[in-house]
Amino acid sequence: MPRVSDLVAAMEAIAPSRLAASWDNVGLLVGDASASLSHVMLCIDGTKPVLAEARAAGCDALVTYHPILFEAQKRFLAGSPAYELARAGIAVYSPHTALDAAPGGTNDVLADALAMTDRAPLRSAESAPELKLVVFVPAEHVAAVSDAVFAAGAGRIGRYASCSFRSAGTGTFFGEEGAAPVVGQAGRLEEVAELRLEMRVSASRVAAVVRALRQSHPYEEPAFDLVPLAEPPGAGLGFGRIGAVVPARASAHLERVKAALGIERVLVAGDLGKEVRRAGVAAGSGGDLVGDAARQGADLLLTGELRHHDALAAVRAGLVVFSVLHSVSERSALVGLERRLQQVLPDVRVSRSHADRDPFTIV
């Protein structure tokens, strides 16, 4: 029987929470990871109509792109989305900026709307680092130590858990006065057959993993290393996207965007007659990335929304701006997310909400 924990693992593989902005609140925000899972519904916002739809459809979990809990809460009262979802037994997972930064996420979907090539992040993600734990363990104790650190969160790579590498070797030590070695004697050089145990661990789990290691290891002073890991080249992790587009007037790219996103109206700032060869995209609110787009030579910025003065600054910098509304710039990403989740959770029904809508309409 699939569990909510399987949904968490799937979302971590698609949009690792370590990629989220430092100010964000992502991950499993409501619910029990051990609860059974049969139906997941996807939406941008966990509104009351979406909650009613999820209840009627018998959902066990919602994936709400925007976090339903963002700032610290001192009360959870009837009528609030988090309270009502918890009372209904519906878990909530929110990826938000982790999905923005991840390959194939919201920004790549916007880049697809412009047929962007040679794309790269407008701004690199300052992701929480991953480390490699290396620990040396007597062979007869390696299973107990492995199980303990796996349970604490080490050894996870995408959809795979309990990942490790083991190699045999010889450890040496000289126990000084007052030492009480488990193997051999103090006061002489000892050689012990040991296994070198290696596994990945995220920075957020290091404290728990080291605590589990010390509690399960037979030595009074276990030897271990924590080695920082670099992000592999070309990972494409970060916020926004920038790249080449087919050279054409901005007006031609505008029609391409309308068709790709299924919309009829777009707010435009700048000259629609401008020749566009390089473009930037920023899902949601793109004001913080206007400067990045201008510095990297973009002719056009496609985003969800901009404040008045950010739009003026973009035009001064020579950009044409397409603003398609905040959640419109994010909603198309749910199509791909639905497909990817269904592939990795074949025994779970995955659907998109019909009640989820942008709060604005253009009339």
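Which elements each supply at least two residues of the lining of the largest pocket? This tour of a predicted model begins with that pocket.

**Stop 1: the largest pocket**

Select α1 (4-14), β1 (27-30), α6 and β9 (189-202), for each of these supplies at least two residues of the lining. Helix α1 provides the largest share, six residues. To find the middle of the pocket, select E12, S17, G153, R156 and S202, which lie nearest its centre among the 32 lining residues. The volume here is about 900 Å³.

**Stop 2**

Proceed to the second largest pocket, which holds about 630 Å³ of space. Its lining has 25 residues, and those closest to the centre are A21, W23, T97, F239 and D288. Next, highlight α4 (97-101), β6 (123-124) and β14 (275-285), each of which supplies at least two lining residues. Strand β14 gives the most, with four residues. In this lining, ten residues are nonpolar, ten are polar and five are charged.

**Stop 3: the largest cavity**

Rolling a probe the size of a water molecule over the atoms shows where empty space is left. In this model, the count comes to one cavity of 30 Å³ or more. About 40 Å³ of space lies in the largest cavity. To display its lining, select I14, L99, G104, G105, A333, G336, L337 and R340. Which helix gives the most to this lining? It is helix α12 (residues 333-344), with four residues. The lining of the largest cavity comprises four nonpolar, three polar and one charged residues.

**Stop 4: a pair of packed helices**

Finally, return to α6, one of the elements from the first stop, and select residues 142-151 together with helix α7, residues 206-216. Two packed helices are described by the angle between their axes and the distance between the axes. For α6 and α7, the angle is about 155 degrees and the axes are 8 Å apart. Helix α6 is therefore roughly antiparallel to α7, a term applied to angles over 145 degrees. The crossing of the two helices is right-handed.

To see where they meet, show the side chains of A144, V145, A148 and V149 on α6, and of V209, A212, L213 and S216 on α7. Of the residues in this contact, seven are nonpolar, one is polar and none is charged.

Notes
Residues numbered from 1 in each chain as written. Predicted model: local features only at pLDDT ≥ 70, side-chain atom pairs only at ≥ 80, totals over all residues. Heavy atoms only, no water. Axes fitted to C-alpha atoms, helices over the stretch in contact; angles between N-to-C directions. Parallel < 35°, antiparallel > 145°, perpendicular 65-115°, else oblique. Left-handed = near helix turned anticlockwise from the far one by under 90°. Contact = heavy atoms within 4.5 Å. Nonpolar A, V, L, I, M, F, W, Y, C, P; charged D, E, K, R; others polar. 1 Å grid on protein atoms, 1.4 Å probe; cavity = no way out; pocket = protein on both sides within 12 Å on 5 of 7 lines; lining within 4 Å. Points joined across faces, edges and corners; volume = space filled by probe spheres on them.
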